[in-house]
Amino acid sequence: MSKVCSISFVQPVNLEKFYEFETLGIQAPQCHCPQIAMSPDDRKAIELMENSCKQQGGRYIIGLPWKKDKNLLPNNYSLAEKRLFSLERSLKRNDVKASLYNQVMNEYERNGWSRQLSQEEEAKDKSSPDMASYVMIKIANENESQCPRAAVILKRDRYMDDLIHSTSTQEAEKSKGEVDDVLATGSFKIKEWFVSSSVQEMQAENVSSSEEENHDFKDNVIGVNSECTTTKNVNLDGEEGIKTLGVNWNPQTDKFSFSVKEIKIETLTKRTVLSRISRLFDPLGLASVVTIKARVALQEIWKAKKYDWDDPLPEEMHTLWYKLFRELESLNTITIPRCLRPDEICGPSELHVFADASATAYGAVAYLLWPTTEGPKVNLIASRVRVAPLRQATIPRLELMAALVASRLASTIYNEFKTKPAVVKLWSDSKIVLHWLRADSALLKAFVGVRVAEIQSTWESSHWRYVPSALNPADDLSRGIDVKNMYDRWFQGPAFLQLPNSEWPSESVETIQNDPERKKPKILGSFNPDIQCIDPKNFSNWQRLVRITAYCKRFGHNAQLSARDKSELKSGPLQPSEINDAKEFWIRKVQSTLIDWKDRYKDLAPFVENDIIRVGGRLKRASLPYDQAHPILLPGNHHISKLIMDEFHEKVCHAGCERTLSESRREYWIMSGRRIVKKTIKNCLVCRKFRQRPHTTLMADLPQERVKPFSPPFTVTGVDLFGPFNLKVSRNKSVKAWGAIFTCATVRAIHLEIVESTSAEAFLHALRRFASHHGWPSTIISDNGTSFVGAERLLRELELKFDPVDIR
């Protein structure tokens with residue numbers, strides 16, 4: 001037996017629509033792109049509607065926006081017909097299959113999933129809503145000069161096929177008539193007008209002019225839904241009131257309300273929870289102070305990361321969620337007045353927006369304050385709240401995000417209001433945020449700086465004020481409250497707004513020292529490649545220049561590294577690769593001064609390798625090192641060439657010209673090298689010392705004793721002792737002795753004598769022997785040795801004892 005199974009696939013959950021209304025009014029600023037910035041399909045559609053739209057017989061005719069020429073579309077009628085006949089033949093052959101097929105089709109029809117089309121419906125085509133919108137905007141532009149008010153209403157207050165407009169009681173009937181007249185030019189007709197009870201009362205009672213002045217500028221709503229009549233009571237889908245873009249509105253009471261139906265949930269899953277909390281439509285955020293608790297609880301489910309869409313949630317979550325569901329259902333008892341402008345106003349309005357954040361949520365709430373004869377009246381306008389991101393963020397940053405929401409919400413409300421508030425105040429209970437808003441956004445880190453810059457571009461710092469957390473109504477928004485507490489400060493605003501401005505909270509914001517969100521100062525400097533930070537002319541040693549350059553290049557390398565690249569930092573002694581890089585740096589600098597080197601030095605067959613010019617020559621096949629076979633070409637008039645030649649001159653121990661030149665050409669070929677070597681040797685201090693001639697000293701005049709003519713030798717005698725030395729006396733005996741040298745001061749003749757000791761008596765014996773050979777000298781010259789001093793003393797004593805005549 002054949003079976004037919006019907007399978008319905010679960011559509012993937014798209015959370016974008018769920019969070020779409022959270023960003024209404026607080027989206028990031030977007031640019032208004034001109035038509036040239038549109039996509040090609042959009043430009044083509046607009047051009048098609050502009051070219052094809054025309055009025056004919058009181059109606060507008062516009063061409064369908066085909067992506068391709070409709071005549072090029074294939075006709076699949078015959079293919080569909082063949083498949084139908086094939087299916088019928090298959091069912092005729094199998095009665096069981098035909099019966100099951102018939103049962104399935106009947107089930108689709110009973111459930112309302114399918115129905116048979118009439119002949120008119122088969123031939124009818126549904127036009128694109130963009131075409132109707134384009135025609136309506138065209139009608140408004142064509143009639144703008146005659147009916148400017150109606151043109152503004154049609155272009156600004158229309159959304160798809162609904163029209164929502166707020167105006168004063170006296171202007172309501174005029175606006176209605178002008179809109180009807182303008183739309184009638186294109187055969188458009190409003191199905192039905194819904195107005196607030198104040199307009200109905202004005203039409204019924206024909207109020208006096210004084211009463212009209214008292215009710216002047218009172219807002220009323222005009223909505224487009226069904227017949228063109230004014231009604232007092234409208235029932236739609238069994239609910240009292242009408243839905244204006246999904247928001248319940250009761251024209252009789254002129255109040256908004258919520259409609260949360262009770263739905264029994266058998267199994268709590270992530271899908272059913274999301275479906276339940278997304279049924280509440282609250283585009284203004286009037287009940288966000290209650291719904292935020294459900295959204296925070298939903299985020300906790302997401303944090304678990306172990307529950308799929310249809311997995312049952314644990315029992316400990318059931319109590320919390322059922323309590324939240326009952327809390328949402330109790331919103332049916334809440335009503336909010338639509339009209340924000342009270343009677344008997346006595347001054348301009350003020351817009352107050354409060355911001356706050358907690359660890360779980362952040363947001364902003366806006367209030368409108370009107371001064372009246374009975375005192376200030378404060379009404380809730382709207383609020384926006386966001387769940388804190390899953391990634392952990394600091395409270396000051398969340399407070400800043402709340403301030404950004406408040407800034408965008410205030411800007412949206414101010415731009416949408418027809419009667420602009422005279423004063424706009426934004427309140428925050430974070431002194432850190434207020435400090436950031438008064439600081440230069442360029443000095444703050446990216447996360448904070450970008451958001452502060454956007455806020456500062458919209459509102460000046462004078463619009464921001466400090467409010468204590470206890471008085472901040474946005475504190476309820478970031479933490480959530482019960483429905484029974486909504487009629488307190490949530491709807492009425494903080495109590496201090498009822499007081500004079502002088503009694504509002506005020507506290508000075510101090511400058512924060514050591515702000516962690518402030519950028520660290522960076523030292524920046526301009527780089528001029530034409531200016532050298534190292535001048536080689538200030539150096540007299542090639543190796544010192546190279547090493548200092550290597551250290552400078554290392555510093556530049558380390559300075560460019562970030563804190564995360566500490567492993568690439570260079571430190572310690574210089575590596576050979578760093579020294580070679582420094583050498584090559586200066587060689588390239590020197591060779592950059594070579595002009596027309598290919599033709600000027602073509603005899604050397606120069607070539608370039610690694611941006612360094614080398615000498616070619618004929619030694620390519622020689623068994624020599626590469627640097628010796630192809631030395632580096634350098635000019636002879638550069639200071640670095642001189643430093644290199646000085647280094648090689650010291651390397652060869654200050655050798656001559658040819659030796660120094662030969663050694664330098666093992667690595668460098670310096671032009672005019674011999675001339676440079678000669679100049680190097682000439683200026684070399686060591687070589688100059690070696691070349692210095694001995695210094696000749698002028699001798700003093702000879703003493704008179706040395707220039708006596710015709711005097712015999714040793715007339716003037718000089719004497720001195722030398723030694724000691726061993727004197728062998730016998731075969732096995734040796735004694736210590738000294739020598740006495742006697743020299744003639746005139747002819748430089750000498751006489752030697754042995755002195756047994758250094759005593760005066762031993763010297764006198766030697767002197768006696770000398771006198772026996774050469775006679776007694778007239779003058780004896782000696783130093784102050786003990787032997788000579790003692791001998792002189794003995795001789796003088798003998799001279800005193802004897803008569804000089806006898807001595808002679």
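Modeller: Helices here are DSSP runs of H or I with at least four residues, strands are DSSP runs of E with at least two, and both are numbered from the N terminus. On that basis, the secondary structure of the chain comes to 29 helices and 26 strands. The model is a predicted one. The chain has 808 residues, of which 37% count as buried. Among contacts between residues at least 6 apart in sequence, 67% join residues at least 24 apart.

On one side of the pairing is strand β14 (residues 350-357), which runs antiparallel to β15 and is joined to it by eight bridges. Within this pairing, Tyr367 of β15 has His352 standing opposite. One of the paired positions is Ala361, whose bridge partner in β16 is Val387. The link between β15 and β16 is likewise a hairpin, this time through two residues.

Other regions of the chain give the setting, beginning with a pair of helices. Helix α11 (residues 270-277) packs with helix α13 (residues 315-329) at an angle of about 20°, their axes being 11 Å apart. Because angles under 35 degrees count as roughly parallel, α11 is roughly parallel to α13. The crossing of α11 past α13 is left-handed. On the α11 side, the residues that meet α13 are Val273, Arg276 and Ile277; their counterparts in α13 are Trp321, Phe325, Leu328 and Glu329. Sorted by class, this contact has five nonpolar residues, two charged residues and no polar ones.

A further region is an open sheet of four strands in the order β25-β24-β23-β26, with mixed pairing. Its edge strands are β25 (750-755) and β26 (779-781), each of which pairs on one side only. From one strand to the next, the twist averages 30°. Strand β23 (residues 716-728) pairs with β26 in the parallel sense over three bridges, and Val716 stands opposite Thr779 of β26. Helix α27 (residues 760-774) packs on this sheet and touches β23, β24 (734-744), β25 and β26. The direction of α27 makes about 145° with that of β25.

Finally, a single residue may be considered. Asp476 lies in helix α17 (residues 474-479). Its relative accessibility is 13%, and since buried means under 20%, Asp476 counts as buried. With neighbours within four places in sequence left aside, Asp476 is in contact with Val289, Ile481 and Arg489.

Technical notes
Residues are numbered from 1 along each chain as its sequence is written. This is a predicted model: local features need pLDDT of at least 70, side-chain atom pairs count only at pLDDT 80 or more; totals for chains, interfaces and linings use all residues. Side-chain values use heavy atoms; hydrogens and water are left out. Two strands pair if DSSP finds at least two bridges between them. Axes are lines fitted to C-alpha atoms, for helices over the stretch in contact, and angles run from 0 to 180 degrees between N-to-C directions. Angles under 35 degrees count as roughly parallel, over 145 as roughly antiparallel, 65 to 115 as roughly perpendicular and the rest as oblique. A crossing is left-handed if the near helix is turned anticlockwise from the far one by less than a right angle, and right-handed if clockwise. Contact means heavy atoms within 4.5 Å. Ala, Val, Leu, Ile, Met, Phe, Trp, Tyr, Cys and Pro count as nonpolar, Asp, Glu, Lys and Arg as charged, and the others, Gly among them, as polar. Buried means under 20% relative accessible area, exposed over 50%, partly exposed in between (1.4 Å probe, protein chains only).
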